[in-house]
Amino acid sequence: MNKYILVTGGAGYIGSHTVVELLANGYKVVIVDNLVNSSYDAVARIEYICQQKVPFFNVDIMDYEALSQVFREYDIGGVIHFAALKAVGESTKIPLEYYTNNITGTINLVRVMKEHDVKTIVFSSSATVYGDATRFENMIPIPEECPTGPTNPYGRTKLMIEQILCDVQKADRSWRAAILRYFNPMGAHPSGLLGEDPLGIPNNLLPYLAQVAVGRREKLNVFGNDYDSHDGTPIRDYVHVVDLAKGHIAALAYLSKLESGNGLYREWNLGTGMGSTVFDVYNAFCKSIGRELPFEVVGRRDGDVLNLTARPTRANSELEWSAKLSVEQACTDLWNWTTLNPFGFQLKNYGWKIFE
Ligand code: NAD
Ligand code: WQD
């Protein structure tokens, strides 16, 4: 019998899509999430899509005892660790909450893993660890070797966790730690049942645009058009969330192929390698919904950088993973999710809870 993969933050945006991919690839999954930024409905919908029950624990990763109990109950072989607070702006206002939740939470998790002799972890890192890579020559698109330099507390939590995992692996070489640095996730599950559902006013471009499209926001504020790009707006590497989810399967497969007793600590960029500006994405989204959306160019947003595009050659060659889905496809899937769920998971009880 193969062991379970514990997915922390599995009710969240990227976690829920990854659980679907895990189940589709024959993995057994147990989810831990305290639902601080997600809804149990996501779990019910995963079960509906995959037509199977998925064990779920409403547990905070800060809670050592509750987490240990999950490890006692399930034979866990590895962990995919999504659980974190992730809003850049918020992290500058409540840094201690970010350091505590993300870093102390991870230390707690790793301690529990150690206690139960589980030494395989795939960690959700972020391109934000690079900060502004344009400060170096020849670092756009960004390779993993690019020096790091996050510019906000959230980004620093990601980099510190990377360093902690690196040190844990150095101290005990049998640990297997895959660091996945995501670029800009977008899109939704093609079923329209799973997608991004931010609380309050969205910080990120795509959820904001989607809310403009359904009339929840008046217009998109474009944060600056005086950057050095073809239309003056910043460049990002937008990667479909389903492609991203598949990257985790590739990372697990890679780790499982290491010879018995051999450990590893390694970072991989998960991006498409192609950059799109804010207006490129705006135009693609408007095309997919069949109408223009109101926007206004306002001043630059603090902390934004010109270009965050991945050089994903390491993931392409080592993980044999590459992004397949286009920005256009992601826009279509986002629109499908948005029209089916204009208020995200907030309107409860659609009847997905078919596995009681
Ligand atoms: P999300 O907020 O949708 O998912 C995170 C999940 O973790 C949520 O369901 C939340 O309830 C849960 N969680 C948070 N703190 C917890 C705790 N202490 N105990 C248990 N559960 C907890 O975010 P997402 O977009 O799916 O991001 C997943 C991961 O990927 C995060 O680590 C994030 O930092 C990272 N990441 C996200 C992006 C992005 O743009 N979405 C980019 C790069 C990296
Ligand atoms: C994209 C572009 C904005 C909103 C963030 C985090 C990063 C990672 C991914 C977690 C930028 C512009 C946005 C709006 C706009 N997350 N924009 N109007 O900032 O590239 O990355 O999410 O790890 O850490 O920083 O993503 O979607 O916020 O912005 O003009 O209302 O859209 O200026 O150029 P970002 P984003």
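Which residues does UniProt list for "domain: NAD-dependent epimerase/dehydratase"? The entry, which is unreviewed, gives residues 5–261. A word on that: UniProt positions follow the numbering used here, feature names are shortened, and annotations may be inferred rather than shown by experiment.

Before we go on, some housekeeping. This is a predicted model, where local features need pLDDT of at least 70 and side-chain atom pairs count only at pLDDT 80 or more, while totals for chains, interfaces and linings use all residues. Residues are numbered from 1 along each chain as its sequence is written, chains are lettered from A and ligands numbered from 1 in the order in which they are written, and side-chain values use heavy atoms, with hydrogens and water left out.

Okay, the whole chain. We have eleven helices and 14 strands. The radius of gyration is 20 Å, close to the 21 Å that the globule rule gives for 356 residues, so the chain is as compact as a globular protein of that length. That radius is taken over C-alpha atoms, and the rule is 2.2 Å times the number of residues to the power 0.38. When I say helix or strand, I mean DSSP runs numbered from the N terminus: H or I with at least four residues for helices, E with at least two for strands. Along its principal axes, the C-alpha trace spans about 55 × 50 × 40 Å.

Back to that annotated stretch for a second.

How much of the protein chain is buried? Of its 356 residues, 55% count as buried. Buried here is under 20% relative accessible area, exposed is over 50%, and partly exposed is in between, with a 1.4 Å probe and protein chains only. As for the surface, the chain exposes about 15200 Å², and carbon and sulfur atoms supply 51% of that. Those areas come from the Shrake-Rupley method with a 1.4 Å probe; for residues, only the protein chains shown count as cover.

Contacts next, meaning heavy atoms within 4.5 Å. Among contacts with a separation of 6 or more, 80% come from residues 24 or more positions apart.

Let me walk you through one neighbourhood. V212 is in helix 7, residues 205–213, and it counts as buried because its relative accessible area is 6%. Leaving out residues up to four places away in sequence, V212 touches R217, E218, K219, L220, L293 and P294. V212 and F295 are 83 residues apart along the chain, yet their C-alpha atoms are separated by 9.2 Å.

Now T338, over in helix 11, residues 327–340. T338 has 5% relative accessibility, so it counts as buried too. Its contacts, setting aside neighbours within four places in sequence, are A210 and V214.

Next up is N221 in strand 8, residues 220–223. With a relative accessible area of 25%, N221 is partly exposed. Beyond four places in sequence, N221 is in contact with Y208, E296 and V298.

V297 is partly exposed, at 33% relative accessibility. Apart from neighbours within four places, V297 is in contact with V222, G224, N225 and F279. Its C-alpha atom is separated by 31 Å from that of N269, 28 residues away along the chain.

Most residues other than glycine have a negative phi, and most peptide bonds are trans. Which residues does a cis peptide bond join here? I140 and P141, with omega about -5 degrees. P141 is found in the loop between strand 5 (120–126) and helix 6 (153–171). N138 is found in the loop between strand 5 and helix 6 as well, and its phi is positive, near 60 degrees. Is N138 buried or exposed? Exposed, because its relative accessibility is 67%.

L35 also has a phi near 60 degrees. L35 lies in the loop between strand 2 (28–32) and helix 2 (40–50), and at 22% relative accessibility it counts as partly exposed. That's my tour, thanks.
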